[in-house]
Amino acid sequence: MRKYLLRRAVFGVSTLVGVSLIIFVVLRILPGDPLVAMFGLEGFAKLAPGDRARIMEDLGLSDPLPVQYARWMRDIASGSLGRSFFRGDKVSELILHRGPLSAEIALVSMLISWLVGLPVGIVSAFRPNSLPDNVARSASILFLAIPGFWLGMLIVLATLFWFNYKAPLVVVHLWQDPWANLQLVVGPAVVLGLGQGAYIARMSRSCLLEVILEDYVRTARAKGLKEAFVVLRHALPNALLPVVTLSGILMGFVLGGSVAVEQAFGVPGLGRALVVAVIERDTIVVQNLVLLYAVIFVVINVAVDLSYAWLDPRIRYR
Amino acid sequence: MSDHVDRRTFLKRAGAAGAGAVIASRLPKPGSASAQDATVKPDAAAKRGGTLRYGVHTAPAHFDVHQSGTVANIGAQSPMYDYLIRRDPRDGQTIIPDLAQRWEISPDGKKYTFHLRHGVKFHDGADFTAEDVKATYDRIVSPPTGVVIPRTPLFSAVSDIVVLDPHRIEFRLKEARPRAFMLGSFASGWNIIVRKKTLEENGGNLRQVMAYPGTGPFRHVSRRDKEVWIMERNPSYWNKGLPYVDKLEVYHMPPFSPELGSAILTGKLDYARLIDPVTWRKAKETPGMTAAEFNQSVIQAVFMNNKKPPLNDPRVRRAMHLALDRHALVDVVKDVAPMSVGGFVYPFHELSTPASELVSKRLGYQKDTRPAVQEAKKLMAEAGHAGGLKNLTFLVRDVATFKLWAVAIQAMLKETLNIEMNLKTVQISQWFEDAAAGNFDLGISAIVSALMDPSDYFTAWYGKDGPQNYSNWTNPAFHDLARQIEREVDDGRRKTLVRQAEEILEKDPPLLPVSYEKIYDAWHNRVRGQNPSTFFGIYDVVRWDNVWLAST
């Protein structure tokens, strides 16, 4: 187990180093100039070449790339993650302020995806080709097909025009005002959760359809066990492994999807901060947020791997 | 009533008449653009207290208002600062006293002397003096190394700034400039007065200094990046009785966004600026809300790379200019951004040809485009391009309005002159890189000016090597005329010269004017004291000192 964990840790760290290098290089070779955002149209147009060079130097963007990369790694090691080179705000403070909101959205959406996806998958699997199965499959395809940001826009417009409602404009943490916090989280979480729930429903249905044909399920039924007990105790745990794996992958989609969905709902989470940073070409903020997403993705995948042993005792790590 | 006038009464009346004559000589003539006796006074009927929630633009990219060119700074930071003189918040036009309670202009127009208020304090408790004004304007006129201030060219005629005493300062000019131009430059909302000590302590660069002290009606309380900037009433404000509201919350929201629109419609904001047309129309028909539109200091235009033949041929450029159906172009974006038809000079400025005359008489602006298109075809034939042009690169900024226009203009030029273009849509920063490098044939973007006065943008937009002359256009006759306009102090002669300049621009277009931007504001009727309908732009009247809330 320890060996396995070490191996996974080394693999995870090397993945993150690779990701950091890719982000770093891509952000610096992409065309575009952060000074446009900094000075506006009129100001940028009036910058002399010498001024541009001097300001880029002040921002640290004229240093050789290895020096800039080393500086970034040093900032990560110190925990500050550097500062936005526009306003000088600390990136670590941005993450601490907005991160909890995005984390809540991700966790609640994951919860919703399981609460919706699993029962739908179970009903579909145990009543294949019935009306509930057909309805569930159609609904899941619908939610797979609808882009989250579009559904988000519809919800925002519907609540605005029918109920004259708008969620709070600024970050409100759960511990500050739970009701206001719920208003910020619920919309994006439902949209993301329904999208993932569709995947979970389809995966759990197909896995359960395989498992319920196994001998041990037939035996359980032959013993006269109640159907619910057969499903929950015997079939489901064995069908869950692929669903758990899928959830780990879907968490990555949640992180990616939250960028667009937070934007659609106007929720001031990390996803929205990333969008603004990309528009402004605030390199320091973009590279740290993308790396943070990569760290979360790697950690979730390791956690998913470890959960296999708990779900299936036959699995041992070497 | 007695007819008898004794000696005392005579002296009193004579004195009063003399004082009246002196004051009258300082007062503006009717219709003049400045009023020295019109400092904003508190209104006894105004209600005090409450929090004003204002939504405008995304967060500033830095904190140095002087170095900025976007409303992201002005919108959030202006309430904390004052100017030397200002535009009257009641009409957005008249120039009235601010930190300078009065001013004098020498008869030759080469000296501007400002008399500063006594007892004004910065938010950190320091006294405001002429040294602060000098430090502020020294920086604007001659920015230190690494500092770029877009308004520097407005003060190119200033040779010396002299502190006469702690409350008197004199600006000496190398040569006279039109008074309206100079006063307009001093009253520009960008030219906030900052403390000399602040500039010294930060090496003259305030880009990363968040809350440097001002003398304005509101003081900094807190800021959440990209969310909200919170300010409180300055209890020591020099204009006693102002501001009315206790707290100001400036929310950063993308312009024209559904987020901003929904925030104002649901009452999460009291006042919103730069809202989209759909929200604006909804607000207009919503009971308890008011919506207003006003002109913005921005032209939307297509630039033509004059370094690439045949776009260096004025006939080809004029042909393209005539082939555009500008009314259709305004209509194309009507649900995205409000626009109006205009030519090369702000169509609402007193020196330009009025918009009504443009639309009714001038080719290229009429609703019936047939005569203009006929003339355009003739010009293309004369230039040897009767068969049209192929493979032109049209550089388009990745913005909804520009993308809609690009497709429409592509179709118009193809249909009328058989000009075929390939669209290249890029992000804003890439657009500027390509434009500067000349990697385009045509390019569409927006350019802004600080003032409505042509002497500001005739240099920046159309001047040889002007910073926003992306077409690389030159016309010696125009440049000579622009220099004359810059120096001409007589309004009548200046108007004649501007009209002559317009004629040159029509015949030899440096760009294709697409439209002039308008601004849509909306507010709940509990907000009183603000109506921007006559404002020009969103940069001058943004302080909220005279705004109050009827219900808090």
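Me: What should I know about the model and its numbering?
Reply: It's a predicted model, where local features need pLDDT of at least 70, side-chain atom pairs count only at pLDDT 80 or more, and totals for chains, interfaces and linings use all residues. Residues are numbered from 1 along each chain as its sequence is written, while chains are lettered from A and ligands numbered from 1 in the order in which they are written.

Me: Why is Met289(B) called partly exposed?
Reply: The rule goes by C-beta atoms, placed from the backbone: a residue is buried if 20 or more others lie within 10 Å of its own, exposed if 12 or fewer, and partly exposed in between. Met289(B) has 18 C-beta neighbours inside 10 Å, so it counts as partly exposed.

Me: Which residues does Met289(B) touch, leaving out those up to four places away in sequence?
Reply: Ala283(B), Ala522(B), Trp523(B), His524(B) and Asn525(B). Touching here means contact, with C-beta atoms, placed from the backbone, within 7 Å. Met289(B) itself belongs to strand E12 (residues 289–304) of chain B.

Me: What makes E12 a strand, and what does E12(B) pair with?
Reply: Strands (E, at least two residues) and helices (H or I, at least four) are DSSP runs, numbered from the N terminus. Two strands pair if DSSP finds at least two bridges between them. E12(B) pairs with E16(B) in the antiparallel sense over seven bridges, and Val302(B) stands opposite Ile444(B) there. E16(B) also pairs with strand E14 (residues 389–397) of chain B, in the parallel sense over three bridges, with Leu395(B) opposite Gly443(B).

Me: How do you know that strand E16 of chain B is mostly covered?
Reply: Seven of the seven residues in E16(B), residues 442–448, are buried. That holds on both faces: Leu442(B), Ile444(B), Ala446(B) and Val448(B) point one way, Gly443(B), Ser445(B) and Ile447(B) the other, and all are buried.

Me: What makes E4 and E6 of chain B edge strands?
Reply: Four strands form an open sheet in the order E4-E5-E7-E6 (chain B), with antiparallel pairing. E4(B) and E6(B), the latter 158–165, each pair on one side only. Further in, E5(B) and E7(B), residues 168–173, pair over five bridges, and Lys111(B) has Arg172(B) as its bridge partner.

Me: Why does chain B agree with a compact globule?
Reply: The radius of gyration is taken over C-alpha atoms, and the globule rule is 2.2 Å times the number of residues to the power 0.38. For 552 residues a compact globule would come out near 24 Å, and chain B has 25 Å, so the two agree. Buried residues make up 52% of chain B.

How values were computed:
Two residues are in contact if their C-beta atoms, placed from the backbone, lie within 7 Å.
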